[in-house]
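Here is a short briefing on a structure, grouped by topic. Please keep the sequence and the 3D view at hand.

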Amino acid sequence: MTDTPADPVAQRIADLVEGHDVVLFMKGTPLFPQCGFSSRAVAILSHLDVPFHAVDVLQDAEIRQGIKAFSDWPTIPQLYVKGEFLGGSDIMMEMFEAGELHALMAEQGIAAKG
Amino acid sequence: MPMPAPQIEALIRAALPDAEVTITDLAGDGDHYAAHVVSAAFAGKSRIAQHKLVYAAIGPAMGGELHALQVTTAIPN
């Protein structure tokens, strides 16, 4: 996943996920999510009070397609923490409910509210 | 185009024959579903790997023809 990508879109994605501790690829913006799943992902991160960089895939067709190949994951939203793909909104919700998301942020040195 | 719930269930069972699949039509529009999948095939796998098995079972319809599928996975007791 973090191998040196040959194509420019994969390189752009790699730069994004490595350039920020927490990156959420989503449909719409945190303030105006355009999809229920993206909205749920934003709500979870907001609840944890974790700062994150949001990428609106609806504004960038290359990224919208490229991100699916990058992670080998067919849906959006997608959450990356410290460059690692963590999952979509279902996994975020499962981890959040189990307290694992908070623990993971703590392990990674990212301040989160419990 | 919407996908009927029995078709989703059949696709998952074809790939994971032991799976116990519960499909819920979230919006009543044949386009937004939740699938709870219980299978021994998930044992020892990360959540990402478990969900990937379900997505792979559904195939190219996922994220296309099938717009919204909320997935939860579990290992049988």
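Two residues are in contact if their C-beta atoms, placed from the backbone, lie within 7 Å. On that basis, A:Met26 is in contact with A:Pro33, A:Ser38, A:Ala41, A:Val42, A:Ala54, A:Asp56, A:Val57, A:Ile76 and A:Pro77, leaving aside its neighbours within four places in sequence. The model is predicted.

**Nonpolar cores**
- The largest nonpolar core holds 30 residues.
- A:Met26 is among the members that touch the most others, together with A:Val23, A:Leu24, A:Phe25 and A:Ala41.
- A second core is separate and has 15 residues, including B:Ile8, B:Ala19, B:Ala35 and B:Val54.
- In soluble globular proteins, nonpolar side chains tend to be buried together.

**Helix pair H1(A) and H3(A)**
- Helix H1 (residues 8-19) and helix H3 (residues 61-71) of chain A have axes that come within 9 Å.
- These axes cross at roughly 80°, so H1(A) is roughly perpendicular to H3(A).
- H1(A) brings A:Val9, A:Ala10, A:Arg12 and A:Ile13 to the contact.
- H3(A) meets them with A:Glu62, A:Ile63, A:Gly66, A:Ile67 and A:Phe70.
- By class, this contact has six nonpolar, one polar and two charged residues.

**Sheet of chain B**
- Three strands of chain B form an open sheet in the order S1-S2-S3, with mixed pairing.
- Strand S1 (20-25) and strand S3 (68-74) of chain B stand at the edges. Each has a single partner strand, so one side of each is left without a neighbour in the sheet.
- From one strand to the next, the twist averages 15°.
- Strand S2 (residues 32-38) of chain B runs parallel to S3(B), and seven bridges join the two.
- B:Ala34 has B:Gln70 in S3(B) as its bridge partner.
- Helix H2 (residues 47-58) of chain B lies across S2 and S3 of chain B. This helix runs at about 130° to S3(B).

**Contact between the chains**
- Chain A gives seven residues to the contact, and chain B gives ten residues.
- On the chain A side, helix H4 (residues 89-97) supplies the largest share, three residues.
- By class, that side has three nonpolar, two polar and two charged residues.

**Helix H4(A)**
- A:Ser89, A:Asp90, A:Ile91 and A:Met92 are buried in H4(A).
- Within chain A, the buried residues of H4(A) pack against helix H2 (36-48), strand S3 (78-81), strand S4 (84-87) and helix H5 (100-107).
- They also pack against H2 and S3 of chain B.
- A:Gly99 follows H4(A) and has a positive phi, near 80°.

Notes: Residues numbered from 1 in each chain as written. Chains lettered and ligands numbered in written order. Predicted model: local features only at pLDDT ≥ 70, side-chain atom pairs only at ≥ 80, totals over all residues. Core = buried A, V, L, I, M, F, W, Y, C linked by C-beta atoms within 7 Å. Buried ≥ 20, exposed ≤ 12 C-beta atoms within 10 Å, placed from the backbone. Helix = DSSP H or I, 4+ residues; strand = E, 2+ residues; numbered from the N terminus. Nonpolar A, V, L, I, M, F, W, Y, C, P; charged D, E, K, R; others polar. Pairing = 2+ DSSP bridges. Axes fitted to C-alpha atoms, helices over the stretch in contact; angles between N-to-C directions. Parallel < 35°, antiparallel > 145°, perpendicular 65-115°, else oblique.
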